[in-house]
Amino acid sequence: MQSFIFLCESKRYALSIDPDSSKDEFVLMSTWHGMYRQNETIAFFKSGNKEWIHVDDLHHVKDIVYLGGLFYVVDAWGGLSSCEVKNDGVYILKSITSGNHLKSDKSYLVESPQGDLLWVVRQEHGPIFKIYKLLWFRKKLRWKQVMSLGDVALFLGNNPPVSVAASDFPECQTSHDVDDSAEHAGVVVWGCQPNSIYFSDCLRDSDSNTKYGRVNVFNLHDSSVTTLYKHDRAGPIWISPKFV
């Protein structure tokens, strides 16, 4: 039996505010592509409106995040734009950085616990992930690659990424004493490991053509990958309780 990894495709989305706390003031922004479109752009829905508003100025959109009162959108080459949605539904687009990186098939925007904006790129060759931080350089904002997340752990899936400070959860630090029987049972270890990225693989069995998922943790220190468990559903999501 052979298994092949493929990218789980899903729409990306971001909310300006929890609708439970403000049902009349939220904005939902999502990637979308029409029947005749070959790449993704964005659209948004504002509370009180009856229809989605399409933004056709952006192309090859990979992810969206809401930070500091603005939506930020990144394309396949790292081009970053901000989108401000006014009360009347009018939007203002601004280019933040140009896209001068290699094209990525899958990438993420995530806010770190310190409030920094991170761009995480998944690669087919070399280390599975590259991480960039948005920083000022000669009066311009640019992506700068970072080699360590320090105390931070990222969780990447088919929903908006989650970042946490691992030291906030000392009771669930990863143990390296793993029983072989647990590994064979499909459960290796649970924990919140610093300087790491928790992510999912989508795989297809070449014999049965069935899809299944695998949850892994990538350690930035040594670029190692550990499989935590396998499951029969591709593309899991991470649930972030409100106290995180």
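**Exercise 1.** E84 has a relative accessibility of 30% in this predicted model. Classify E84 as buried, partly exposed or exposed, then do likewise for the residue that meets its side chain in a salt bridge.

*Solution.*
Step 1. Buried requires under 20% relative accessible area and exposed requires over 50%. E84, at 30%, therefore counts as partly exposed.
Step 2. The partner is K86, whose side chain meets that of E84 at 3.1 Å, N to O.
Step 3. K86 has 34% relative accessibility, so K86 also counts as partly exposed.

**Exercise 2.** State how many salt bridges a search of the whole structure finds, and describe the one formed by R12.

*Solution.*
Step 1. The search returns three salt bridges.
Step 2. R12 pairs through its side chain with D63, at an N to O distance of 3.2 Å. This pair ties together distant parts of the chain, 51 residues apart: R12 lies in the loop between β1 (3–6) and β2 (13–15), while D63 belongs to strand β6 (residues 61–67).
Step 3. Both R12 and D63 are buried.

**Exercise 3.** Locate the salt bridge of K133 in the chain and classify the exposure of K133 and of its partner.

*Solution.*
Step 1. The side chain of K133 meets that of D116 at 3.7 Å, N to O. K133 sits in strand β12 (residues 129–137) and D116 in the loop between β10 (106–111) and β11 (117–122), so that the pair, 17 residues apart, links distant parts of the chain.
Step 2. K133 has a relative accessible area of 23% and is partly exposed.
Step 3. D116, at 26%, is partly exposed.

**Exercise 4.** Give the number of disulfides and the burial state of C83 and C192.

*Solution.*
Step 1. The structure holds zero disulfides.
Step 2. C83 has 1% relative accessibility and counts as buried.
Step 3. C192 has a relative accessible area of 5% and is buried.

**Exercise 5.** For the open sheet that contains β6, give the strand order, explain which strands form the edges, and describe the pairing of β6 with β7.

*Solution.*
Step 1. Four strands make up the sheet, in the order β6-β7-β8-β9, paired antiparallel.
Step 2. β6 and β9 (91–97) each have a single partner strand; they stand at the edges, so one side of each lacks a neighbour in the sheet.
Step 3. On average, neighbouring strands of this sheet are turned by 25° against each other, direction ignored.
Step 4. β6 and strand β7 (residues 70–75) run antiparallel and are joined by six bridges. L67 stands opposite L70 in β7.

Conventions. Residues are numbered from 1 along each chain as its sequence is written. This is a predicted model: local features need pLDDT of at least 70, side-chain atom pairs count only at pLDDT 80 or more; totals for chains, interfaces and linings use all residues. Side-chain values use heavy atoms; hydrogens and water are left out. A salt bridge is a side-chain nitrogen of Lys or Arg within 4 Å of a carboxyl oxygen of Asp or Glu. Helices (H or I, at least four residues) and strands (E, at least two) are DSSP runs, numbered from the N terminus. Buried means under 20% relative accessible area, exposed over 50%, partly exposed in between (1.4 Å probe, protein chains only). A disulfide is a pair of cysteine sulfur atoms within 2.5 Å. Two strands pair if DSSP finds at least two bridges between them. Axes are lines fitted to C-alpha atoms, for helices over the stretch in contact, and angles run from 0 to 180 degrees between N-to-C directions.
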